[in-house]
Amino acid sequence: MKYVIAFILTLLVLVTLAYFVLQIWDISLFTPQYLTKTYTTIGILGVGAVVLTLIIAFFFGGNRSQYNKSATGVAQKKL
């Protein structure tokens, strides 16, 4: 998960840098409004992903106590 987040953040930084480099050369491939809408969309999707992850962890995260932690070797299911 951390690699996906790092990839998205790296991509956002590269897009922003590309925008500024193109502005130095007076090349207009996209506008600042495009970047604002892109960052807003990614922010909304990120918040939605965090909320869904928390919901899934809350409802389906209770399986930890079903293993016998005192058994030797590989984790053994409780009977």
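Here is a chat about a predicted model of a protein.

Biologist: Let's start simple. How many helices and strands are there in the protein?

Modeller: There are two helices and two strands. Reading from the N terminus, the order is α-α-β-β.

Biologist: OK, pockets next. How much space lies in the largest pocket?

Modeller: About 340 Å³.

Biologist: Which residues lie nearest its centre?

Modeller: Those are V4, I5, I8, I42 and G46, out of 16 residues that line the largest pocket. The elements that give two or more residues to that lining are α1 (2-24) and α2 (32-60).

Biologist: Which element gives the most to the lining?

Modeller: That's α2, with eight residues.

Biologist: What does the lining look like by class: how many nonpolar, polar and charged residues?

Modeller: You get 12 nonpolar and four polar residues, and no charged ones.

Biologist: Changing topic: rings! How many aromatic pairs does the count come to?

Modeller: Four aromatic pairs. One of them is F30 with Y34, with 5.4 Å from centre to centre and 50° between the planes.

Biologist: Why give both a distance and an angle?

Modeller: Because a pair of aromatic rings is described by the distance of the centres and the angle of the planes.

Biologist: So what do we call the F30 and Y34 pair?

Modeller: That pair is tilted. Y34 has a relative accessible area of 47%, so Y34 is partly exposed.

Biologist: Now F58 and F59. Why is that pair edge-to-face?

Modeller: Planes over 60 degrees apart count as edge-to-face. The planes of F58 and F59 are at 75°, so the pair gets that label, and the ring centres are 5.2 Å apart.

Biologist: Are F58 and F59 buried or exposed?

Modeller: Both F58 and F59 are exposed.

Biologist: Which residues form the aromatic cluster?

Modeller: Y19, F20, F30 and Y34 form one cluster.

Biologist: Let's move to the loop. Where is D26 found?

Modeller: D26 sits in the loop between α1 and α2. This residue has a positive phi of about 55°, although D26 is not a glycine.

Biologist: Why point that out?

Modeller: Because most residues other than glycine have a negative phi.

Biologist: Why does D26 count as exposed?

Modeller: Exposed means over 50% relative accessible area. D26 is at 71%, so D26 counts as exposed.

Biologist: And where is the place of T31?

Modeller: T31 is also in the loop between α1 and α2. With 37% relative accessibility, T31 counts as partly exposed.

Biologist: Last one: what separates the C-alpha atoms of T31 and Y19?

Modeller: They are separated by 8.6 Å, and the two residues are 12 residues apart along the chain.

Notes
Residues are numbered from 1 along each chain as its sequence is written. This is a predicted model: local features need pLDDT of at least 70, side-chain atom pairs count only at pLDDT 80 or more; totals for chains, interfaces and linings use all residues. Side-chain values use heavy atoms; hydrogens and water are left out. On a 1 Å grid over the protein atoms alone, a cavity is a set of points where a 1.4 Å probe fits but cannot get out, and a pocket is an open set with protein on both sides within 12 Å along at least five of seven lines; lining residues have an atom within 4 Å of a point. Grid points are joined across faces, edges and corners, and a volume is the space filled by probe spheres set on the points. Helices (H or I, at least four residues) and strands (E, at least two) are DSSP runs, numbered from the N terminus. Ala, Val, Leu, Ile, Met, Phe, Trp, Tyr, Cys and Pro count as nonpolar, Asp, Glu, Lys and Arg as charged, and the others, Gly among them, as polar. Rings of Phe, Tyr and Trp (its six-membered ring) pair if their centres lie within 6.5 Å; planes under 30 degrees apart count as stacked, over 60 as edge-to-face and the rest as tilted. Buried means under 20% relative accessible area, exposed over 50%, partly exposed in between (1.4 Å probe, protein chains only).
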